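This report covers a ligand site and a helix pair in one protein. The sequence and structure come next.

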Amino acid sequence: MQNDTKKEIVLSGIRPTGYLHLGNYFGAMRNYVRMQEDYNCYFFVADWHSLTTHPDTKELRNSVHRVIAENLACGLDPDKAAIYVQSDVPEIAELYLYLNMLAYKGELEKVPTFKDKVRLSPDNVNAGLLTYPVLMAADILIHRAVKVPVGKDQEQHLEMARNFAERFNHRYGDVFPMPRAFNFNSDLVKIMSLDGKGKMSKSENQMATIYLSDSDELILKKLKKATTDQGPTEAGQPKPDFIQNLFTLASLVSEPAVSEKFEADYNNCQIRYGDFKKQLGEDMARFVGPIRDKALAIQEDKVYLEKIMKQGAEKARQSASQTIKIVREAMGIKY
Ligand code: ATP
Ligand code: MG
């Protein structure tokens with residue numbers, strides 16, 4: 001399919017730093033699958049970004065393949081969205097270079113995610129880490145995207161992308177539209193980890209996170225270990241967060257009748273968490289199983305994967321090279 005220029009441009013990336021999980025699925029990928037119908041979507045694997053914190057590249061190829069395979073298995077369609085790897089689009093690096101001249105050390109040092117990372121790994125405070133928001137701005141502006149699905153933690157980076165775009169426009173002429181945060185669903189779901197400590201995550205709480213690559217047995221085992229309490233003692237008692245999370249998960253993966261039954265049991269103080277977790281585990285395994293199996297099959301089919309990555313890179317470079325041409329002209333880099 002040709003890119004439809006009348007559709008608004010959506011851009012989102014994911015770092016190949018670990019295994020994708022149910023939080024990524026319900027918080028991000030499920031929405032991407034819907035967005036690809038109505039928007040001109042660019043979804044990329046942010047391999048350059050992962051180098052800021054994961055300089056060891058032994059697992060990189062596998063991780064990149066897995067992220068693409070899992071996204072395809074979840075329903076992203078390479079004929080609708082451009083699905084590509086960041087490093088396949090060198091125009092991004094060129095734009096990053098120009099934007100770096102418009103980004104100030106002081107403002108970059110103030111970014112909370114930078115400060116967090118400095119605290120976590122004081123021995124690897126590299127310039128790439130400092131300029132992460134500039135690369136992110138280049139990722140977005142290279143397609144002149146206006147809608148960027150981001151979580152709360154990314155809102156400040158997006159504001160910086162707008163600042164860089166504005167500075168560029170001010171100095172060299174109107175090239176970039178302003179990118180805005182985009183929540184397809186106003187009610188963004190957040191999936192907590194099964195131990196109730198924080199959210200499901202690629203890099204933390206691994207035994208309390210359900211990964212799209214988990215076997216049925218592992219899913220059942222993780223569910224069995226999910227944190228519960230003594231149970232409600234009064235009818236209609238409010239649920240603690242970690243119990244609510246199990247009900248949220250049930251509403252996403254179980255039949256409505258199942259959720260309703262356990263909801264009623266909870267409200268009557270009759271709930272047996274063992275039964276609830278067993279049922280939820282089975283429903284979750286039924287939900288994750290087909291995605292896992294499909295992702296695995298795609299991941300093993302290197303010829304298909306290469307074809308998808310090539311097709312995505314071509315689409316992305318088509319749009320990126322147009323932007324770079326306009327950027328160079330605006331800047332007077334044209335001899
Ligand atoms: P890391 O631990 O490396 O930060 P992560 O699991 O937080 O990984 P990200 O790559 O930071 O994953 O996020 C990818 C997308 O998934 C983002 O849109 C983010 O908002 C969403 N997301 C991540 N975790 C959850 C969660 N537990 N619930 C809902 N959405 C989530
Ligand atoms: Mg995160």
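Which of the 15 residues around ligand 1 come nearest? In this predicted model, the nearest are H21, I191, K199, K202 and S203. Sorted by class, the shell around ligand 1 holds seven polar, five nonpolar and three charged residues. Helix α1, residues 22-38, supplies the largest share of this shell, with four residues.

## Polar contacts of ligand 1

A polar side-chain atom of K199 is 2.7 Å from an oxygen atom of ligand 1, and an N or O atom in the side chain of N24 is 3.0 Å from an oxygen atom of the ligand. G23 takes part through its backbone: one of its N or O atoms there lies 3.1 Å from a nitrogen atom of ligand 1.

On its own, ligand 1 has 600 Å² of accessible area, and the protein covers 77% of it.

## Helices α10 and α13

Two packed helices are described by the distance between their axes and the angle between them. For helix α10 (residues 216-224) and helix α13 (residues 273-300), the axes come within 9 Å and cross at roughly 145°. The crossing of α10 and α13 is right-handed.

On the α10 side, the contact is made by D216, I219, L220, L223 and K224. Their partners in α13 include K277, L280, M284, V288 and R292. By class, the residues of this contact are seven nonpolar, six charged and one polar.

Note on methods:
Residues numbered from 1 in each chain as written. Chains lettered and ligands numbered in written order. Predicted model: local features only at pLDDT ≥ 70, side-chain atom pairs only at ≥ 80, totals over all residues. Heavy atoms only, no water. Near = heavy atom within 4 Å. Polar contact = N/O pair within 3.5 Å; in protein donor to acceptor, adjacent residues only side chain to side chain. Areas by Shrake-Rupley, 256 points an atom, 1.4 Å probe, with all protein chains shown as cover. Helix = DSSP H or I, 4+ residues; strand = E, 2+ residues; numbered from the N terminus. Nonpolar A, V, L, I, M, F, W, Y, C, P; charged D, E, K, R; others polar. Axes fitted to C-alpha atoms, helices over the stretch in contact; angles between N-to-C directions. Left-handed = near helix turned anticlockwise from the far one by under 90°. Contact = heavy atoms within 4.5 Å.
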